[in-house]
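Biologist: Can you take me through this model? I'd like the overall picture, then some details.

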Amino acid sequence: MKTTTTDMHYLNLLSQSFPTVADAAKEIINLEAILNLPKGTEHFLADIHGENEAFEHVLKNASGNIKRKVGEIFGNSIRESEKKELCTLIYYPEQKLELVKAVEQDIDDWYHITIHQLVRVCRDVSSKYTRSKVRKSLPEEFSYIIEELLHERTDDQNKAAYVAVIVDTIISTGRADDFICALCNVIQHLAIDRLHILGDIYDRGPGAHIIMDVMRRYQSWDIQWGNHDILWMGAAAGNDACICNVLRLSLRYANLATLEDGYGINLLPLATFALETYGDDPCEEFVPKLLKPGKIDEKTQLLTAKMHKAIAVIQFKEENRLFHRHPEWQMEDRCLLEHIDLERQTCVINGQDYALKDCNLPTGTMELTAEETELMQKLHHSFRVSEKLRKHIRTILSHGCMYNICNSNLLYHASVPLNNDGSLKDVEILGQKYQGRQLMEYIGQLVRSAFENDTEPELKAYAKDYFLYLWCGKDSPLFDKSKMATFERYFLTDRETYKEEKGAYFQLRNDADVCDRILDAFGVGGKNRHIINGHVPVHASKGENPIKAGGRLMVIDGGFSEAYHSETGIAGYTLIYHSRGFQLVQHEPFTSTKDAILRGTDIKSTTQIVEMSAQRMLVADTDKGCELREQINDLKQLLHAYRHGIIKEKRD
């Protein structure tokens, strides 16, 4: 076995962690054993759109995985109502305990039964992990006790009394509630090994900031940026057109909680400007989409509509400025505000007149007025000084990028730009052409450069501008449509102008050969490889199938957002990939956390088996397995070096 100079440097570094033959051998034994454990469960979610209650519930119930395990463990030994109660306790332990204690006559007896049931569930979900990994997930105050209960069984006569005394003592010392909460949190933690979010945490729903707070504490996850995430990233970076879009979308759905409560964005200057500028304007086309009757009162609704119109007009002016600054984007044809003829009440597009449905534009159709400029300076400052927004964007940057490859699955939010023949499309950025994987990687670098202090000023300025192109550019992998017809929907009467033609990717993604071409271009191997993405809601009510291209591509945006429920007929898809294969879970709308706690109402879900393995998949069959085998080979080289005197053991 020849050892190069580079190898020697590496082996010397490795020897600091494993200083003796015994240490290296012990680690090899440990890693070889891990290879033969079942593959951990992966959980895929997309297009959450601020629906924090539904999102948190899906996290807590692991898309029904915990309910399924409870059913398998207890079978017919307990009633269905008892299984339901147990699941609710696992999802919401603190709240459920308070309800139980208010009605339970013999609480100690309930504690005994429940703790033993929870230990059985915890033992099951932890069985595919090493003791070391399980130990790391345990709360410090109960770590030893939980370990003992997980690895000792009541059917062992020699240990039955020992286990019974542990449970008795937990109860008698008044620690039962805390212990039950700890066990439930461990079950939630271990039910999913890794979470993949395929973009769009932000917009529409009220709690994107709450979701981000949850993710900052979550143990193992990644995100593939979506177009709505990019929009907020652009706003945080200081792109004024992105700031306007963020505000407009929030006002469109009467959702100001994330802006005001979450990030402390001061909307008073916008409200004041809107009242002064559009005071007598009913702003009918800008009345917010109210998903629930009575969400806001009539006075607030009218003010919201005025603010909505004010920021929309400023948005079009800010976008026009960027489209003219970057003619290489070929988006100057989207400067439609400049083509309005207020006297004739028309807008000219490609030489054709289209009637306007709103002609009240007191601030003009070209440059920002002095008042609009002052307003944008205040809004810009408010976004830039929001410390919480900055933290959340840093989290998205550190956990994500444009795509990910994990266990033969290619993950991205929306698309890979294609030509009409299915070949990868060249997209030009700063004079260079990129396609496929190289395009995604360069965009990821460009996005990060907007936040790095050592980026050259010219590149940083371009990167900041480019967020707008990623949001609405024709060849953006996060948009991939002919246009974003926001202006047309607000201002033109002809509904034909509202049409947005999807790119070739969306026309060809049901073609297995095209999907194989994409997978090859990204270097995705494996017998059962897949593309998994979201972005475009699956219209289940119209019979659309989320499984495409003979199983090669799965679309898991079924409409998590309440805004999509009437359109899609469901409340989203999630995907589970465990050691036996893929299961696609179709969800019905979530009522509320309160209902889930009081009535035990879980999200009604339908599970579709997408692909099952003939043999149970092991860690050895995963990307982690490849890493472990490389580590084992390195350790074997270290053993060889020790045994042949190339490196001396470091004994005390």
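This is a predicted model: local features need pLDDT of at least 70, side-chain atom pairs count only at pLDDT 80 or more; totals for chains, interfaces and linings use all residues.

Biologist: What secondary structure does the protein have?

Modeller: The protein has 27 helices and 17 strands.

Biologist: And what are the spans along the principal axes?

Modeller: The C-alpha trace spans about 95 × 75 × 45 Å.

Biologist: What share of the residues counts as buried?

Modeller: Of the 652 residues, 55% count as buried. As for contacts between residues at least 6 apart in sequence, 71% of them join residues at least 24 apart.

Biologist: Now helix α7. What should its 19 residues span?

Modeller: Helix α7, residues 107-125, should span 27 Å at 1.5 Å a residue. Its end C-alpha atoms are 26 Å apart, so the two values agree.

Biologist: Which residues of α7 are buried?

Modeller: W110, Y111, T114, I115, Q117, L118, V119, V121, C122, R123 and V125.

Biologist: What covers them?

Modeller: The cover over the buried residues of α7 includes α4 (65-74), α5 (80-91) and α6 (93-103). It also includes α9 (143-151), α10 (157-172) and α11 (176-191).

Biologist: Switching to pockets. What volume does the second largest pocket have?

Modeller: About 900 Å³. The second largest pocket is lined by 45 residues, and Q330, M331, D333, R334 and S482 lie nearest its centre.

Biologist: Which elements give two or more residues to that lining?

Modeller: Those are α17 (298-325), β5 (346-349), β10 (427-429), α21 (457-472) and α22 (486-491).

Biologist: How do the lining residues divide into nonpolar, polar and charged?

Modeller: The lining has 21 nonpolar, nine polar and 15 charged residues.

Biologist: Where is E372, and why does it count as buried?

Modeller: E372 is in helix α18, residues 370-384. Its relative accessible area is 0%, and buried means under 20%, so E372 is buried.

Biologist: What does E372 touch, beyond residues up to four places away in sequence?

Modeller: E372 touches F273, V313, I314, K317, T363 and E367. L270 is 102 residues from E372 in sequence, with 9.3 Å between their C-alpha atoms.

Biologist: And F44, where is that?

Modeller: F44 is in strand β1, and it is buried with a relative accessible area of 0%. Leaving aside neighbours within four places in sequence, its contacts are H196, L198, N409, L411, I532, I556, T574, L575, Y577 and F582.

Biologist: How is F44 placed relative to V246?

Modeller: F44 and V246 are 202 residues apart along the chain, and their C-alpha atoms are separated by 26 Å.

Biologist: Last topic, backbone angles. What is phi at D47?

Modeller: Phi of D47 is near 55°, a positive value in a residue other than glycine. D47 is in the loop between β1 (42-45) and α3 (52-61), and it counts as buried at 0% relative accessibility.

Biologist: What about N407, what phi does it have?

Modeller: N407 is not a glycine, yet its phi is positive, about 50°. N407 lies in the loop between β8 (403-406) and β9 (409-412).

Biologist: Buried or exposed?

Modeller: N407 is buried, with a relative accessible area of 12%.

How values were computed:
Residues are numbered from 1 along each chain as its sequence is written. Side-chain values use heavy atoms; hydrogens and water are left out. On a 1 Å grid over the protein atoms alone, a cavity is a set of points where a 1.4 Å probe fits but cannot get out, and a pocket is an open set with protein on both sides within 12 Å along at least five of seven lines; lining residues have an atom within 4 Å of a point. Grid points are joined across faces, edges and corners, and a volume is the space filled by probe spheres set on the points. Helices (H or I, at least four residues) and strands (E, at least two) are DSSP runs, numbered from the N terminus. Ala, Val, Leu, Ile, Met, Phe, Trp, Tyr, Cys and Pro count as nonpolar, Asp, Glu, Lys and Arg as charged, and the others, Gly among them, as polar. The expected span of a helix is 1.5 Å times one less than its number of residues. Buried means under 20% relative accessible area, exposed over 50%, partly exposed in between (1.4 Å probe, protein chains only). Contact means heavy atoms within 4.5 Å.
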